[in-house]
Every structure is written in structure tokens, then in C-alpha cells.
Amino acid sequence: MTTYVVFTRDRIKDEKEFATYGQLAAKAGEGHPATRLAFYGEVETLEGDPVDGSVIISFPTKAEALAWYNSPAYTAAREHRFKGPDYRVYMVEGV
């Protein structure tokens with residue numbers, strides 16, 4: 001079943017770390033069946049705290065989403081995400 005990985009950015013604490021994350025994360029997608037559905041487009045928060053940015057990536061299966069998320073390349077990239085911005089990240093199975 002298609003699985004979506006959703007990133008919700010709350011704020012950026014360190015621009016340099018965020019930039020490094022962006023460079024490494026882009027390369028980490030190589031070789032994985034990921035499709036960007038939304039990538040930091042205009043956001044209008046309808047409920048809850050304002051959202052600073054959002055990304056939605058689609059994978060054919062949950063196993064493939066987890067293979068990307070736990071890959072050595074993305075593991076290295078996300079260390080910079082942990083230092084740079086504050087995110088909430090989750091997966092949801094869909095249609």
C-alpha cells in the first residue's frame with residue numbers, strides 16, 4: 001500500500017545545519033522509489049500552531065519508505081535536521 005512520509009517544519013534554529021541537511025537529503029533519495037508530492041510550497045495553517053514548511057513524499061510501500069528513512073545516506077542527513085530545524089515527521093498509509 002502506498003505510504004506517505006510527511007514532514008512538518010515548525011521553525012529553523014540553525015540555518016547552516018538546515019542547509020547541510022537539504023544538500024544531503026537530496027542525495028539520499030537516489031535509488032529509492034520516492035515521489036515528491038509537496039515540497040515547501042505555500043502553506044496555510046487551518047488549525048493548530050502555524051506551520052513553517054511542509055514536505056510530503058510518496059513511496060510504493062511502507063517497507064520502501066522505511067528503507068529510505070533508515071538508509072545510511074538519510075541517517076547521515078537527518079542528523080543535521082535534528083540540529084537545524086524542529087520537525088514533526090510521520091508516515092501514513094494511504095491509497
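Lys62 lies in helix 2, which covers residues 62-69. The model described here is predicted. Lys62 has a relative accessible area of 40%. This value falls between the 20% limit for buried and the 50% limit for exposed, so Lys62 is partly exposed. Contacts of Lys62 were then listed, leaving out residues up to four places away in sequence. Lys62 touches Met1, Thr3, Met91 and Glu93. A distance to Val6 was also computed. Lys62 and Val6 are 56 residues apart in sequence, and their C-alpha atoms are 13 Å apart in space.

The fold of the whole chain was examined next. The protein chain contains three helices and four strands. Along the sequence, these elements follow the pattern β-α-β-β-α-α-β. The radius of gyration is 13 Å, close to the 12 Å that the globule rule gives for 95 residues, so the protein chain is as compact as a globular protein of that length. The C-alpha trace spans about 30 × 30 × 15 Å along its principal axes.

Buried residues make up 31% of the 95 residues in the chain. The protein chain exposes about 6000 Å². Carbon and sulfur atoms supply 53% of that area. Charged side chains were counted as well. There are 11 positive and 14 negative side chains. The centres of the two sets lie 7 Å apart.

Aromatic side chains were considered last. A pair of aromatic rings is described by the distance of the centres and the angle of the planes. A search of the whole structure finds 11 aromatic pairs. In one of them, the ring centres of Phe18 and Tyr40 are 6.3 Å apart and the planes stand at 90°, so the pair is edge-to-face. This pair links distant parts of the chain, with its two residues 22 residues apart. Phe18 belongs to helix 1, residues 15-28. Tyr40 sits in the loop between strand 2 (35-39) and strand 3 (53-59).

Phe18 is buried, because its relative accessible area of 17% is under the 20% limit. Tyr40, at 29% relative accessibility, counts as partly exposed. Both residues belong to one aromatic cluster. The cluster is formed by Phe7, Phe18, Tyr21, Phe39, Tyr40, Phe59, Trp68, Tyr69, Tyr74 and Tyr87.

Technical notes:
Residues numbered from 1 in each chain as written. Predicted model: local features only at pLDDT ≥ 70, side-chain atom pairs only at ≥ 80, totals over all residues. Heavy atoms only, no water. Rg over C-alpha atoms; globule rule 2.2 N^0.38 Å. Buried < 20%, exposed > 50% of the residue type's maximum accessible area, 1.4 Å probe, protein only. Areas by Shrake-Rupley, 256 points an atom, 1.4 Å probe, with all protein chains shown as cover. Lys, Arg positive; Asp, Glu negative; His and termini not counted. Charge placed at Lys NZ, Arg CZ, Asp CG, Glu CD. Phe/Tyr/Trp six-rings, centres within 6.5 Å; stacked < 30°, edge-to-face > 60°. Contact = heavy atoms within 4.5 Å.
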